[in-house]
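Here is a short briefing for a first look.

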Amino acid sequence: MPKSPQVDQCSEGGAVLYVALELSARTWLLASGVGMGQALRRKTIPAGDRGALQRELAAARARCGLGATAPVRSCYEAGRDGFWVHRLLTAEGVTNVVVDSSSIEVSRRARRAKTDRLDADGLWRLLWRYWQGERQVWHVVAVPSEAVEEARHHEREVATLVTEQTRWRNRVHGLLATAGVRVRVDAHFPERLAAVRDWAGRALPAGLQARLLVYWAQWGAIAQALVAARRTQHAAVRAARATEPTPGAPRSLEAQAAQLAQLRGIGEGTALTLVKEVFSRDLQNRRQVGALSGLVPVPYQSGTRHHEQGISRAGLRHVRGLLVEVSWQWLRWQPASALTQWYLTRFGPAGRRPRRVGIVAVARRLLIALWRYHRTGELPAGAILRPV
């Protein structure tokens, strides 16, 4: 009598079901099993279908000879779906981890086969190794609470509006450059545009003028939205500063930002972004703080060859750009601080390029110093506060 392949293939290896999810816009591919070297069960379900997910988990447990309440450990790559999938799996009693996709092992061949099935199988093998103790096989993304994630939307909106404002401004000036003219762009731009002349002394073509006015209107709408968003930031921080703290109660994010904004050179919008994007995370040491910003150096060493490859550029891209801007402001408004003096001593006499490299080092050190100030109240060495 033939043996049941479903039970024989999965019953060895423990009473835990491991499930890897390969997500796409319309479907999810689930690869499940309990041990290495055994055939995996693969099932495609509609994306986000909770009922189909429940049925597949029950079927996978049954196929592997596990009880209906056997624990399930799962994983998926961080991407466009964000963290709601993690919360769905957690609500179903699944122990899930969200994986940084850039940290996943891949073949170094110039051409490698890539399909959803191969990706799901590879993710499953890494999941099994991870729970066997190989915690370095990938980097796990820290999932924020829904309240923290909700609080980050406003600052990310500001960052998006700044980017869009720059894009539309460049489009307007780029179109003007094609006609060889330079015009001041402000509220009276339509009147100026009608009177401007190109390089040959002729009026600008009607089609070009119409396109410029559309771009100008888009730029103006985004600029107004950005002003309103920044006013909201300032109002939130100032309201938190004026509110008396409740003894024993945890400080709000706005109150934490108000404390950070007391330092000269740190604006209220910058303080809110740093608090919500960096300091609200459970960071334990300066290495984790630096790694989150992507400002840490990446060494290369092979035999007698040894050099630096620059910064990792991992982590939060918009925070990294913000920190470089803040570092220049720090040099201006905190001239007596130890960090400014270190920069001036080491990079001040050098040329333009070394100073630009040095400002990245300042950004990393400044972020760590601000994290310590936020966490313990220890002022950065030599820094001064704003007058009350």
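The chain has an accessible surface of about 22,500 Å², with areas from the Shrake-Rupley method and a 1.4 Å probe. Carbon and sulfur atoms hold 52% of that surface. This is a predicted model: local features need pLDDT of at least 70, side-chain atom pairs count only at pLDDT 80 or more, and totals for chains, interfaces and linings use all residues. Residues are numbered from 1 along each chain as its sequence is written, and side-chain values use heavy atoms, with hydrogens and water left out.

**Overall form**
- The C-alpha trace spans about 95 × 60 × 60 Å along its principal axes.
- The radius of gyration, taken over C-alpha atoms, is 27 Å, whereas a compact globule of 388 residues would have one near 21 Å. The globule rule is 2.2 Å times the number of residues to the power 0.38.

**Burial and charge**
- Of the 388 residues, 38% are buried (under 20% relative accessible area, 1.4 Å probe, protein chains only).
- The chain carries 57 positive and 31 negative side chains. Lys and Arg count as positive, Asp and Glu as negative; His and the chain ends are not counted.
- The centres of the two sets lie 8 Å apart, with charges placed at NZ of Lys, CZ of Arg, CG of Asp or CD of Glu.

**Strands and helices**
- There are 14 helices and eight strands. These are DSSP runs numbered from the N terminus: helices are H or I, at least four residues, and strands are E, at least two.
- Strand β5 covers residues 95-99, and four of its five residues are buried.
- Strand β4 (residues 72-77) pairs with β5 in the parallel sense over five bridges; pairing takes at least two DSSP bridges between the strands.
- R73 has T95 of β5 as its bridge partner.

Methods:
Buried < 20%, exposed > 50% of the residue type's maximum accessible area, 1.4 Å probe, protein only.
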